[in-house]
Every structure is written in structure tokens, then in C-alpha cells.
Amino acid sequence: MGKRWLPLEANPEVMNQFMWGLGVPAEAGFCDVYGLDDEMLAMVPQPVLAVILLYPQDRKKESVASPSSTVESKGSYFDRFYKQTADMDPAQRAAFLEEDEEMEKAHSVAVSAGDTEAKDGVIEHYVCFSCVDDEIFEFDGGNSQAISHGPSSPDSLLQDAAKVIKARIAQYPESLNFNVMALSKQ
């Protein structure tokens, strides 16, 4: 039986503590995205490296994945993880990650840092959007491959992600449970 992983609060401070605890340099940090219109997007610090969306999970509405690309960070937990799991399939990587003590420790610290009580049974789900080789990809741990959403660039990543996110929100008209954060270089 696997370990119990409580959900992380959708809060930039919690996410920053989590990633900095895994060795990501403090020159990158999360901030809230307060709206998806151009005026609100203009308030987000640049350059944007990634966009995180928390939304109601409903696997029946998810699309089929397309081929993925990989990006690695230097000297961080993620670099070590990539090197240690490069020859594993997605299920083996998930099992490795689930049993990894460094990830568990960083996750536990971040869970306790939030303002909301951590509990099981949440229906929201995180996905990440990033620009890789001039395409915007959606990275979702529930899919075996990244999903391409078309052309993008580092300069237009936030606006391109906002378009995808608006379409995702439209799929859930009954819900207000959405949160968007940007990972920006500070």
C-alpha cells in the first residue's frame, strides 16, 4: 500500500516553500494570477516559466495526450529524479516518486505551511503549463504523456496558457473552484 499524500494548498507561499525545499533556486517563485484578461495578466512578474492551474477533477472530460518533451533543471531534486528515472516507464516513475523520502519531506513541510486544514477527499487537480521547443504543453500526472496545446513562446506563455485555462473553466460552469499561479523568475 502506498503512502498517504495530502493535497497542497493552492497558495504561492506554500508552493514556493515546497519547490525551494526541493532545491529550486529562490530566484524563481510563484505568484497568484488574479484574472485571465490582459490587464490582470500584465500584473504578473516576467518572465513566466510555468503556469499552474487547480481545477475540479473530472477524468471523463480530459483529452488524449500527445508526445511529450523533457526539460531538466540543474543540480536540483528534479535533476536527480530525472537522471534516476530516465529509463523507467510512467508507472515505475510514479512508484519511485511515491516512495522518495526527499519528496515526502518537502511535501510534508509544505502541507503544514498552508492556511487551510489539509484533508483527503478533495476533487481539485493540479496541472502545469510550460513552453517547450516553441509549444505550450500541459503536464498532468494523471496522463502518461504531456498534451500539446499548439505554438507558444517564452514571451507568450502566460497569454497562451490563459486561453487554454479559459476553455477549461468553460467546461465546468457549475464550479468556482479554480486557482491560477505563475512561476516567474524573480
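I looked up the bridge partner of Val-51 in strand E3, and found that it is Phe-129; strands here are DSSP runs of E with at least two residues, helices are runs of H or I with at least four, and both are numbered from the N terminus. I note that this is a predicted model, in which local features need pLDDT of at least 70 and side-chain atom pairs count only at pLDDT 80 or more, while totals for chains, interfaces and linings use all residues. Residues are numbered from 1 along each chain as its sequence is written, and side-chain values use heavy atoms, with hydrogens and water left out.

I then followed the pairing of E3, where two strands pair if DSSP finds at least two bridges between them. E2 and E3 run antiparallel and are joined by 6 bridges, and E3 also pairs with E4 in the antiparallel sense, over 5 bridges. On the E4 side, I recorded Phe-139 as the bridge partner of Cys-128. I list E3 as largely enclosed by the rest of the structure, because 7 of its 9 residues are buried, where buried means under 20% relative accessible area, exposed over 50%, and partly exposed in between, computed with a 1.4 Å probe on protein chains only.

Next I checked the turn of the hairpin, which has 2 residues between E3 (124-132) and E4 (135-139). Asp-133 has a positive phi of about 50° although it is not a glycine, and at 64% relative accessibility Asp-133 counts as exposed. Asp-134, in the loop between E3 and E4, likewise has a positive phi, near 65°, and is exposed with a relative accessible area of 53%. I set beside this that most residues other than glycine have a negative phi, and most peptide bonds are trans.

I went on to the peptide bond from Gln-46 to Pro-47, which is cis, with omega near -5°. Pro-47 lies in the loop between H2 and strand E2 (48-56).

My next entry concerns Asn-11, in the segment before helix H1 (12-21). A polar atom of the Asn-11 side chain lies 2.8 Å from the backbone nitrogen of Glu-13, and I class Asn-11 as buried because its relative accessibility is 12%.

Last, I looked at Tyr-34, found in the loop between strand E1 (28-32) and helix H2 (38-41), and I class Tyr-34 as exposed because its relative accessible area is 63%.

Key:
A polar contact is a pair of N or O atoms within 3.5 Å; within protein, one must be able to donate a hydrogen and the other to accept it, and residues adjacent in sequence count only if both atoms are side-chain atoms.
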